[in-house]
Number of protein chains: 2
Amino acid sequence: MVSKEADIRNAIWQLAFQFKVSSKKAIRQYGLPLNGMHVRILHMIGATPACTANRIVLASGRDKAQITRLLKELESMLLIQRTPNPDDKRSQIVSLSEKGEALMARAREAEQDVVTRLLKGMKKDEIDRFVGLAGRMLDNLREE
Amino acid sequence: MVSKEADIRNAIWQLAFQFKVSSKKAIRQYGLPLNGMHVRILHMIGATPACTANRIVLASGRDKAQITRLLKELESMLLIQRTPNPDDKRSQIVSLSEKGEALMARAREAEQDVVTRLLKGMKKDEIDRFVGLAGRMLDNLREE
DNA sequence: GCTATTTGGTGGACAATATCAACCATATTC
DNA sequence: GAATATGGTTGATATTGTCCACCAAATAGC
């Protein structure tokens with residue numbers, strides 16, 4: 001017999017792990033030369049106007065050294081480009097290159113497949129509720 | 001403006017990541033010489049009667065090579081012990097040593113703190129619903 | 001203005017986690 | 001008894017995460 005705490009712990013671990021595995025597989029099947037973090041960061045860059053490295057750090061919660069390296073990789077793959085940030089000479093604005101946009105269009109398809117499968121048989125309000133609860137839990141962990 | 005798919009994706013990634021970070025920190029603060037996977041596996045071993053390596057592989061979804069190595073580490077730390085499996089000479093039954101039990105008692109406390117924080121302000125039925133939805137999503141991803 | 005501190009970013013070094021394939025010994029199937 | 005499947009191990013390598021020192025520009029305090 002397992003406790004409720006174990007349930008929630010397990011639910012989070014397992015769901016995240018399986019989701020990662022499925023996403024990775026989908027990306028592979030589409031023949032895209034990207035791994036998980038690449039895709040996540042490209043998403044953020046695509047969705048964030050005037051995106052700087054620091055914004056990605058804050059939004060992702062990852063270490064800034066990690067972000068620096070990932071951006072360097074993405075740049076060497078010609079998927080993103082950097083332009084000077086007029087507001088702060090220390091930083092640069094990163095944006096998707098054409099090649100990056102094209103790749104992400106396909107990545108979105110691949111990920112869409114996974115999300116569709118994930119949400120199969122779920123009602124709209126169930127999904128909303130789930131996302132809402134997850135958000136509250138996240139806030140709980142973050143504050144303090 | 002972000003799509004619903006991005007919401008659910010983000011919710012899962014972020015919650016899992018923050019949960020991992022918080023758990024790791026809690027374990028550290030308790031001064032326990034364990035990392036995330038160690039704790040997860042020790043949990044399973046403690047909760048599974050006649051636990052074999054293969055059971056951990058199946059329950060965790062991780063690669064069996066990874067499990068082998070983690071078990072080897074845990075054994076060298078004297079947290080677990082292996083005894084021959086009477087039903088199959090290829091495998092062994094792993095179980096917590098006294099030292100392992102003691103450590104896990106403290107790890108449970110540390111993790112309990114995190115779960116308590118995670119669930120702050122959540123109603124029982126909200127938690128149940130969340131775990132239930134997570135389970136369904138997990139099934140969706142796993143089947144096929 | 002001019003230090004002192006903070007902030008955005010980079011690099012080194014390394015730890016933790018994950019993946020893939022080859023392989024051995026036993027178990028199972030036929 | 002041969003062929004195949006299964007539990008487990010090892011090697012090699014990729015990915016992800018962490019910590020620390022550091023530089024240059026920005027900001028705060030005076």
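## Chain B against chain A and DNA strand C

Across the interface of chain B and chain A, 15 residue pairs are found in polar contact, both residues of each pair having pLDDT of 80 or more, and the model in which they occur is a predicted one. The elements that each supply at least two residues of the side of chain B that touches chain A are α1 (4-29), α2, α3 (53-60), α5 (98-118) and α6 (124-142) of chain B, and α1(B) provides the largest share of that side, with 17 residues. By class, the side of chain B that touches chain A holds 23 nonpolar, ten polar and 18 charged residues.

Four salt bridges are found across the interface of chain B and chain A; E111(A), for instance, forms a salt bridge with R9(B), with the closest N and O atoms 3.5 Å apart. In total, 50 residues of chain A are in contact with 51 residues of chain B. About 5,600 Å² is buried between the two chains, and carbon and sulfur atoms give 67% of this area.

| Residue and atom | Atom of DNA strand C | Distance |
|---|---|---|
| G36(B), backbone N or O | phosphate oxygen | 3.3 Å |
| R62(B), side-chain N or O | phosphate oxygen | 3.2 Å |
| D63(B), polar side-chain atom | base nitrogen | 3.5 Å |

Note on methods. Residues numbered from 1 in each chain as written. Chains lettered and ligands numbered in written order. Predicted model: local features only at pLDDT ≥ 70, side-chain atom pairs only at ≥ 80, totals over all residues. Heavy atoms only, no water. Polar contact = N/O pair within 3.5 Å; in protein donor to acceptor, adjacent residues only side chain to side chain. Contact = heavy atoms within 4.5 Å. Buried area = accessible area lost by both parts, 1.4 Å probe. Salt bridge = Lys/Arg side-chain N within 4 Å of Asp/Glu carboxyl O. Helix = DSSP H or I, 4+ residues; strand = E, 2+ residues; numbered from the N terminus. Nonpolar A, V, L, I, M, F, W, Y, C, P; charged D, E, K, R; others polar.
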